[in-house]
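Thanks, everyone. I will go through the contacts between the parts of this structure, one interface after another.

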Amino acid sequence: MQVTLTVNGDEVTREIEPRMLLVHFLRETLSLTGTHWGCDTSNCGACTVLMDGEPVKSCTVLAAMAGGHEVRTIEGLERAGELDPVQQGFIEEHGLQCGFCTPGMVMTARALLDRNPDPTEEEIREAISGQICRCTGYVNIVKAVRWAAEHPAGAAATAASAS
Amino acid sequence: MQVPAPFDYERATSVEHALSLLERLGPEARLIAGGHSLLPMMKLRLAAPEHLVDINDLHELDYIREEAGELRIGALARHRELLESELLGRRFPIFHDAERVIADPLVRNRGTIGGALCQADPSEDLSAACAAAHARLVIRGLGGERVVEMADFHRGPYETAVGPSEILAEIRLPLREAAGSAYEKVERRTGDWAVAAAGVCVWMSDGAIADVGVGLAAVGSSAVHCARAEEVLRGERPSEELFDAAADLAAADCSPAADQRGPVEYKRHLAGELTRRALRRAVARALG
Amino acid sequence: MATAEQPVLGYGRMKRKEDPRFVRGKGRYVDDVSLPGMLHGAVLRSPLAHARILSIDTSAALQHPKVHAVITGRDLEAQKLAWAPTLSADVQAVLALDKVCFQGQEVAFVVADDHYSARDALELIDVEYEPLPAVVDPRKALDPDAPVIREDIEGKSDNHIFDWEAGDRDATDAVFERAEVVVAQDMIYPRIHPAPMETCGCVADFDAVEGKLTLWCTTQAPHAHRTLYALVAGLPEHKIRVISPDIGGGFGNKVGIYPGYVCSVVTSIVTGRPVKWMEDRTENLTSTAFARDYVMRGEIAATRDGKIQAVRVRVLADHGAFNATAQPSKYPAGFFHIFTGSYDLEAAHCRVTGVYTNKAPGGVAYRCSFRVTEAAYAIERMVDVLADELGVDPAELRMRNLIRPEQFPYRSKTGWVYDSGDYEPALRMALEMAGYDRLREEQGERRERGELMGIGVSFFTETVGAGPRRDMDIVGLGMADGADLRVHPTGKAVLGISVQTQGQGHETTFAQIVAEELGIPAEDVQVVHGDTDETPFGLGTYGSRSTPVSGAAAAVVARKVREKARLIAAAMLEASPADLEWEKGRWYVKGDPEQGKTIQEIAMGAHGTVELPEGVEGGLEAQTVYNPSNLTFPFGAYVCVVDVDPGTGQVKVRRFVAVDDCGTRINPMIVEGQIHGGLAEGVGIALMELIAFDEDGNCLNGSFMDYLIPTAKEVPNFELGATVTPSPHHPIGAKGVGESPTVGSPPAIVNAVIDALEPFGVRHVDMPLTPARVWAAMQGHTEPPA
């Protein structure tokens, strides 16, 4: 079957098997390998992408179901060579180690901040509670999201504020 | 990773369209909404439907509104919409209690109330909440619609009153005054299915419990409706002794099975303990 | 003015060099590798724990239009590859021949055009099994009537693998005989799984023309793997290139060679095309290396006033169907004999018996040095049991028995030589940070209100950084690590290392080690790792050995370069090398500091036209192989505070204070991150992680729905403290830290929960402390529910 959806702002049309999972469509059909997968049962959240602005587990969405929708992946976050504040926050606060859960965590954090620009620690922990990180113990992920909340324009803002 | 067996995909544009697709495609067709129960089962190849009918575009089934003395929830309302509905939270806080502990925020972004109820998993939380709220369910077929009581909706584990060419369209919660409700759940970890859970709705009158609903999850072959516990509560003034009596009956009347979440004895204990806790909070909310 | 960040010239907090690619989704993991013509493999696995294979029919799968090959054990047997040696002098079936010995065992391998078709084809393979009774409980494995699992081993008539002892049994028994107080405790450290977020997998690409195999693989030990492939498959070692790209966590899971890798290599050779195989999560949890699974009985002897005199431990070790544990060859129970912990004892003895069961093989060190977690758990639980018996505060009891600073280097009663330690300040710091006395008061107040609050303490000593080659090898390979350092003409350097990061940040910390030694910015040091064609030989990353062994190699090789730079600087300055002095980044003439050359200047000189002294070659590079003279002994003091719901048994970790001493800290930010992660895994191990089986040997935790890992809502904001006691034998005094928190935290958490249950007279509950188990303990049940 044919599916047409918007990925990181670009409309793409591809011929697919109806059973193809969105995570495989992104990784294999579009070669967007920043979205990972870590389980089969929608528990780990490594495959998290934004669909119409909301984080979803792309291992549990058929590519066909995403037809007509807008999907955003980690590759679509950087704007004009400038990292999203969440990406910068993960660097600043050591919010990642092996990096495998990171794209999913970053996307969820982006969606959280879009709805709630100043989340509490508890709200951040709740927002990422459907995603597993095996490396960081979450402490620095929470800090990274707070960093992004405090630096809404990201690295540019830090440079400016230091001037 | 695990992947589903092949199937054909159709996207329904209206309820009528979905029903006619089901009629045409026959018993090997399944509806898919959020997909968070069905797709994992398909990946494990425990389910292998030949056709999937995607109903995510049926916005006509996506609402939460007050109408004709009822709170009516479209079957396609997502968990997250339930959690964010001020109306639902005000009239039936039990649903907000339950939604906070159903799976995780990402799953709640996709999963729907209709899908949850139709999955008929004995551990599913909204089924217990609906049982406590004395929900009625609207099932539509090409020939028209029918309304069934929650008590008649589940026919056993993973089986419902919805026929092969039918769709669950709406959940109706009767609205009455002086209501209070609460949901209590023990889980092994955030996002896990319940070890046991209890939902309670009370409707007060003159300081007494005029009517009550008690529903349990994960302690029977489907959501447990505790008739004897409700009986002992109805018409009585709330007290710790009364709650204890109801909790004992809830514990006695459920039929949990031992699994990794715990042995029968523990789950039975939880059925009582969580019924007691839910009663306390429900009554406090009704009186507050 | 924007303040430019100062370049980091050595140790200290520094943002990670690897992060820019990861936050952009530009990490390159094995499953991201895609080669032209690449095929996809899938493994057919046994649904039964113990069964004879009567027949395998692959004909229908072979007829699938997208299938290129299906191989079974018989096909491998023809190439003498049906069995592969394990890391513990046993063999493991690559694909089963006559019978299967655990649920999930590899039976056949399918290669198809795409991943979906390979999966479909698995359903077309028909295997006829004859079920056999399964051995599930290791305590029944040695029963005379137990079914014999390993019929493939000639003459094998039972399920016994080994007996191993450490310490002095007679001396220990003697102390126990005359001791005033003896307490014993049975405890199980259950089977768990490292479960890194990325599962195991590989891409095998055999080039028939060159005769060269390139294997992208999720391995923590690329060089050791290369040598093993050469030894097992008969491929010449120089024609094997193992690339371990970015690895999505390892924690011990990615130390071994799994059948899927071997099958991928074989089918790449057979089909002449690259073959990718990535296991799914169920395969990861049910067939790749588990951890722990120790059934222990600990006994502790003490005086009435709380002087610990001796410890005895008896262990039954469940190794599953094949003995594939990973540890130095001489030590079948790993470093379990560190069980004497941090205490000065008169005598100690342990005896470990290993048995086969119908479960997956493994026995890897899930974020610990070989069996050190089991050892620390045993002693730290026993000390609490003793404190309970004596009615002494558990923190106070520990304080009374800690090895004193003047006793270092301390020779333990089981033969270790602890390199350095200053234990009491660490424990005091942890207690102060926690506000221990105030917590005890609060606990008293809460108990009066019927609330269950618990405070748990642990003090641990690890033995990491294996190890001296006189004692330690893995399948004959000494546990040393190489490093080579090349300084380019412009003063930028490339460091090649033999260990493989799985998130530990080697690209940053190893650059900092070189920066510290040479005084050049860490940004100017590129760290190359994970590619056997590009890096020197070494045994890889596990057992906290990266910093103790490979980190030492990096420091040593940088010092060699520095010494060579001195000779070249002397030539450039027309001075005698003996007259030069070093300051960070520069050699200068003694007494004339203006007369000097920076490393950058020396590098250009070394590659330029400077007239070199006799015997000195051009260029500025060096290599080394570091053989540690001893292991390192990190230690720490942990305090955990929990609340237990008296009505449901649910445990909430309210606070966790961790004071770690890992010697020199190269990058404190990374050290703290490592501790956070290990503590979270400790919370998982103590409260929820478990690989269990039913009586038929069916695994009950084969997905993340049932193998529970903590989310952000189960772990607290960890409170960290540090003391620094450098290792005297390590070139930079560093000891390794990645695994300390996983070693020290489970006993602290369990001790806290048991402390909370004190009103119920509970002395022990086996992990994981699920609500059901805690509630059962409150009801007086001593055996946990299934």
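I start with chain A and chain C. Here 48 residues of chain A are in contact with 61 residues of chain C. Keep in mind throughout that this is a predicted model. Between chain A and chain C, about 4,500 Å² is buried, and carbon and sulfur atoms give 56% of that area.

How many salt bridges does the rule find across the interface of chain A and chain C? There are eight salt bridges. One that can be picked out on the screen is between the side chains of A:Arg27 and C:Asp32, with a distance of 2.8 Å from N to O. For polar contacts, the count between chain A and chain C is 29 residue pairs, with both residues at pLDDT 80 or more.

Which of them gives the most? That is helix 2 of chain A, with four residues. By class, the side of chain A that touches chain C is made of 20 nonpolar, 17 polar and 11 charged residues.

Next, chain C and chain B. In this interface 30 residues of chain C are in contact with 25 residues of chain B. The two chains bury about 2,400 Å² between them, with 52% of it on carbon and sulfur atoms. Three residues, C:Thr648, C:Leu708 and C:Trp775, supply 20% of the area that chain C buries against chain B, which is more than any other three residues.

The salt bridge count between chain C and chain B is four. B:Arg45 makes a salt bridge with C:Asp120, and their closest N and O atoms are 2.8 Å apart. The rule also finds 14 residue pairs in polar contact across the interface of chain C and chain B, both residues at pLDDT 80 or more.

Which elements of chain C give two or more residues to the side that touches chain B? They are helix 4 (115-122) and helix 18 (771-778) of chain C. Helix 4 of chain C gives the most to that side, with four residues. The classes on the side of chain C that touches chain B are 14 nonpolar, eight polar and eight charged residues.

The side chains of A:Glu126 and B:Arg108 meet in a salt bridge, at 2.7 Å from N to O. A:Glu126 lies in helix 4 of chain A and B:Arg108 lies in helix 6 (residues 105-110) of chain B, so this pair joins two chains. As for the total, a search of the whole structure finds 120 salt bridges over all chains.

Let me turn to the inside of chain B. The domain assignment of chain B gives domain 1 (8-52), domain 2 (60-174) and domain 3 (179-287). I will look at domain 1 and domain 2 of chain B, whose centres, taken over C-alpha atoms, are separated by 19 Å. In this pair, 14 residues of domain 1 are in contact with 16 residues of domain 2. The area buried between domain 1 and domain 2 of chain B is about 1,300 Å², with 66% on carbon and sulfur atoms. Of the area that domain 1 buries against domain 2, B:Val15, B:Leu19 and B:His36 supply 40%, more than any other three residues.

What is the count of salt bridges between domain 1 and domain 2 of chain B? The count is one. The side chains of B:Arg140 and B:Glu16 meet in a salt bridge at 3.9 Å, N to O. For polar contacts, the rule finds one residue pair across the interface of domain 1 and domain 2, both residues at pLDDT 80 or more. Helix 1 (residues 15-25) of chain B gives the most to the side of domain 1 that touches domain 2, with six residues. That side of domain 1 divides into six nonpolar, six polar and two charged residues.

Last, the confidence scores. The model scores ipTM 0.97 and pTM 0.97. Chain C has an average pLDDT of 96, and 99% of the residues score at least 70.

Conventions: Residues numbered from 1 in each chain as written. Chains lettered and ligands numbered in written order. Heavy atoms only, no water. Domains from an automatic or database assignment. Contact = heavy atoms within 4.5 Å. Buried area = accessible area lost by both parts, 1.4 Å probe. Polar contact = N/O pair within 3.5 Å; in protein donor to acceptor, adjacent residues only side chain to side chain. Nonpolar A, V, L, I, M, F, W, Y, C, P; charged D, E, K, R; others polar. pLDDT = per-residue confidence, 0-100.
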